[in-house]
Amino acid sequence: MTHVFFLWHTHEDEDLPSGEDVKLLGVYSSYLKAEEALDASLTQPGFRDQPAGLEISTYELDRREWTEGYITVREE
């Protein structure tokens, strides 16, 4: 296995500081399993009302991220 598949749901929520609500619904060993979970989510309240927020993304295993560090910018 060289990749995993994340199932996400994102929708706008003005009551949150970021303006959006992001949920990780699961991590799957195959795209097919992630699709099956996405289809099952479409039958649940909230998700079925905002199906456009469902997304599958691919992530490569054993790959280093943030290779150049980071800088935190604070609002004054």
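**Aromatic pairs, charges and backbone**

Analyst: A search of the whole structure, which is a predicted model, finds 3 aromatic pairs.

User: What is the geometry of the pair formed by Phe 5 and Tyr 31?

Analyst: A pair of aromatic rings is described by the distance of the centres and the angle of the planes. For Phe 5 and Tyr 31 the distance is 5.8 Å centre to centre, and the angle between the planes is 85°. Planes over 60 degrees apart count as edge-to-face. The pair of Phe 5 and Tyr 31 is therefore edge-to-face.

User: Which parts does the pair of Phe 5 and Tyr 31 tie together, and how many residues apart are they in sequence?

Analyst: Phe 5 belongs to strand β1, residues 3–12. Tyr 31 belongs to helix α1, residues 31–41. The pair therefore ties together a strand and a helix, parts whose separation in sequence is 26 residues.

User: Is Phe 5 buried or exposed?

Analyst: The relative accessible area of Phe 5 is 13%. Buried means under 20%, so Phe 5 is classed as buried.

User: What kind of pair do the rings of Phe 6 and Tyr 59 make?

Analyst: The ring centres of Phe 6 and Tyr 59 are 5.9 Å apart, and their planes stand at 80°. Because of that angle, the pair is edge-to-face.

User: How many residues apart in sequence are the parts tied together by Phe 6 and Tyr 59?

Analyst: Phe 6 is in strand β1, while Tyr 59 is in strand β3, which covers residues 54–60. The pair therefore ties together parts whose distance in sequence is 53 residues.

User: What is the relative accessible area of Phe 6, and what is that of Tyr 59?

Analyst: Phe 6 is classed as buried, at 18%. Tyr 59 is partly exposed, and its relative accessibility is 32%.

User: How far is Phe 6 from Ser 29 in space, C-alpha to C-alpha?

Analyst: Phe 6 is a residue of strand β1. Ser 29 is 23 residues from Phe 6 in sequence. In space, the C-alpha atoms of Phe 6 and Ser 29 are separated by 9.1 Å.

User: Which residues gather in the patch of negative charge on the surface?

Analyst: One of the residues is Asp 15, which sits in the loop between β1 and β2. At a relative accessibility of 74%, Asp 15 is exposed. The patch as a whole is formed by Glu 12, Glu 14, Asp 15 and Glu 20.

User: How many salt bridges does the structure hold, and what is the N to O distance for Lys 23 and Asp 21?

Analyst: The structure holds 3 salt bridges. In one of them, Lys 23 is partly exposed at 25% relative accessibility, and Asp 21 is partly exposed at 22%. Their side chains meet with an N to O distance of 3.0 Å.

User: What are the relative accessibilities of Glu 60, Glu 65 and Arg 63?

Analyst: Glu 60 is partly exposed at 35%, and Glu 65 is partly exposed at 32%. Arg 63 counts as partly exposed, with a value of 43%.

User: What is phi of Asp 62, and what is phi of Trp 66?

Analyst: Asp 62 is in the segment after β3 and is exposed at 82% relative accessibility. Trp 66 is also in the segment after β3 and is exposed at 69%. Neither residue is a glycine, yet phi is positive in both. Phi is about 60° for Asp 62 and near 50° for Trp 66.

User: What separates the C-alpha atoms of Asp 62 and Ala 37?

Analyst: Asp 62 and Ala 37 are 25 residues apart along the chain. Their C-alpha atoms are separated by 24 Å.

Methods:
Residues are numbered from 1 along each chain as its sequence is written. This is a predicted model: local features need pLDDT of at least 70, side-chain atom pairs count only at pLDDT 80 or more; totals for chains, interfaces and linings use all residues. Side-chain values use heavy atoms; hydrogens and water are left out. Rings of Phe, Tyr and Trp (its six-membered ring) pair if their centres lie within 6.5 Å; planes under 30 degrees apart count as stacked, over 60 as edge-to-face and the rest as tilted. Helices (H or I, at least four residues) and strands (E, at least two) are DSSP runs, numbered from the N terminus. Buried means under 20% relative accessible area, exposed over 50%, partly exposed in between (1.4 Å probe, protein chains only). Patches are made of residues with over 30% relative accessible area and no salt bridge: like charges are joined within 9 Å, nonpolar side chains (Val, Leu, Ile, Met, Phe, Trp, Tyr) within 5 Å. Accessible areas come from the Shrake-Rupley method with a 1.4 Å probe; for residues, only the protein chains shown count as cover. A salt bridge is a side-chain nitrogen of Lys or Arg within 4 Å of a carboxyl oxygen of Asp or Glu. Lys and Arg count as positive and Asp and Glu as negative; His and the chain ends are not counted. The place of a charge is taken as NZ of Lys, CZ of Arg, CG of Asp or CD of Glu.
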